[in-house]
Amino acid sequence: MVGAVVVQGGEVVGEGWHRVYGEAHAETVALGQAGERARGATLYVNLEPCAHHGHTPPCCDAVVSAGVARVVACHRDPDPRTAGAGFARLRAAGIEVEVGELAPEAVELNLHFLAPIVFGRPAVTLKWAMSLDGRIATASGESQWISSPAGRRWALAAREYHEAILVGSGTALADDPRLNRRLGKAVGPILRVVLDRRLRLSPGARMLGLPGPVLVYTAAGTGGAAGARAALEAAGAEVVPLARVDPEAVLADLHRRGVRSVLVEGGGEVIAAFVEAGLFDRVVAECAPVLLGGEAAPGPVRGRGAPSLALAPRLDRLRVRRRGTDLILTGYRQECLPDLLRSVEGS
């Protein structure tokens with residue numbers, strides 16, 4: 001996610017943003033809008049102008065050709081194809097370069113771009129809807145709907161900016177979810193991922209009747225599963241056997257497939273596995289003004305739980321906003337943003 005603004009004499013003369021992967025970058029759009037007024041101007045951009053040929057030519061070359069006098073950028077691009085080379089090329093052309101302004105905000109904006117490069121895995125968001133007393137269903141298992149209509153629309157919007165959505169087989173069996181995109185904001189369908197060690201997913205599951213890929217991760221060597229695998233593959237799923245069906249192995253395979261972001265929607269055991277492994281970056285929780293109670297009513301994070309308060313994972317940059325009657329809580333794994341910031345420091 002990149003935006004650029006060209007300023008000449010205190011006036012904005014060009015603006016641009018990267019609309020679709022493979023199309024013109026933000027700097028090129030902004031410079032094109034500015035035209036001759038870009039000469040001697042300042043270019044503000046949240047990411048280092050690229051220095052490599054991809055779907056488009058290097059942006060740093062376009063900046064030099066436009067005659068820009070000064071570039072102010074939030075942070076360095078950790079992509080090995082650029083990684084400071086863009087700034088170096090600008091300086092070699094006599095352009096003044098300033099780096100670091102609003103870097104934390106820019107890193108947060110580009111979590112899905114940075115995490116795969118820095119951490120070697122997709123960016124992971126854990127998401128759930130819960131009651132005010134921290135339950136994701138009643139004691140009898142009823143969960144539709146805890147959240148308000150506006151809150152559910154917000155949850156659907158989260159699927160538009162993630163490349164994959166992941167659930168466990170328990171959630172797939174209990175809710176028979178579609179797990180698809182419905183708002184029309186993203187290009188193409190989302191990748192649906194199910195963790196299913198024993199291949200319990202039905203070939204008649206609703207998600208398999210909808211367009212788009214479905215990945216089912218199962219335990220290698222599952223006895224008597226050949227028929228179940230054949231039925232799922234006939235229904236359109238890709239079944240992937242793994243030695244261990246755990247977050248580390250699943251994320252490694254998704255990373256090899258080029259997936260850059262994963263929205264983990266549950267259930268509680270799956271979310272707990274990602275928390276216990278420390279393999280998550282962001283948590284988004286929708287909190288509805290309802291009290292469910294009940295000792296048997298499940299919470300969003302199950303598993304073994306933290307052995308002590310001192311060892312419990314903590315979140316940073318916690319934010320609260322409202323959607324309908326619900327509160328949306330967003331926070332980041334405490335180490336996530338600092339680790340990303342260190343990786344993009346320097347100019």
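Which residue takes a positive phi just after H1? Gly35 does, with a phi of about 60°.

These legends describe a predicted model, in which local features need pLDDT of at least 70, side-chain atom pairs count only at pLDDT 80 or more, and totals for chains, interfaces and linings use all residues. Residues are numbered from 1 along each chain as its sequence is written, and side-chain values use heavy atoms, with hydrogens and water left out.

**View 1. Helix H1 (residues 26-34) and its buried side.** Helices (H or I, at least four residues) and strands (E, at least two) are DSSP runs, numbered from the N terminus. Look for Ala26, Glu27, Ala30, Leu31 and Ala34, which are buried (under 20% relative accessible area, 1.4 Å probe, protein chains only). They cover an arc of only 120° around the axis, so they sit on the same side of H1; the arc is that of the directions from the helix axis to the C-beta atoms. Gly32 and Gln33, on the other side of H1, are exposed (over 50%). The buried residues of H1 pack against strands S1 (3-8), S2 (11-17) and S3 (42-45) and helix H2 (59-66).

**View 2. His75 in its loop.** You will find His75 between strand S4 (70-73) and helix H3 (85-92). His75 is buried, with a relative accessible area of 1%. Leaving aside neighbours within four places in sequence, the residues in contact with His75 (heavy atoms within 4.5 Å) include Asn46, Glu48, Phe87, Val107 and Val344.

**View 3. The largest nonpolar core.** A nonpolar core is a set of buried Ala, Val, Leu, Ile, Met, Phe, Trp, Tyr and Cys residues joined through side-chain atoms within 4.5 Å. Not counting residues up to four places away in sequence, Leu254 touches Pro122, Leu191, Val193, Leu215, Tyr217, Val259 and Val262. A second, separate core of 24 residues includes Ala4, Val6, Ala38 and Val68.

**View 4. The second largest pocket, with a volume of about 1,400 Å³.** On a 1 Å grid over the protein atoms alone, a pocket is an open set of points where a 1.4 Å probe fits, with protein on both sides within 12 Å along at least five of seven lines; lining residues have an atom within 4 Å of a point. Grid points are joined across faces, edges and corners, and the volume is the space filled by probe spheres set on the points. Of the 50 lining residues, Thr171, Asp175, Glu265, Gly266 and Gly267 lie nearest the centre. The largest share of the lining, six residues, comes from H10.
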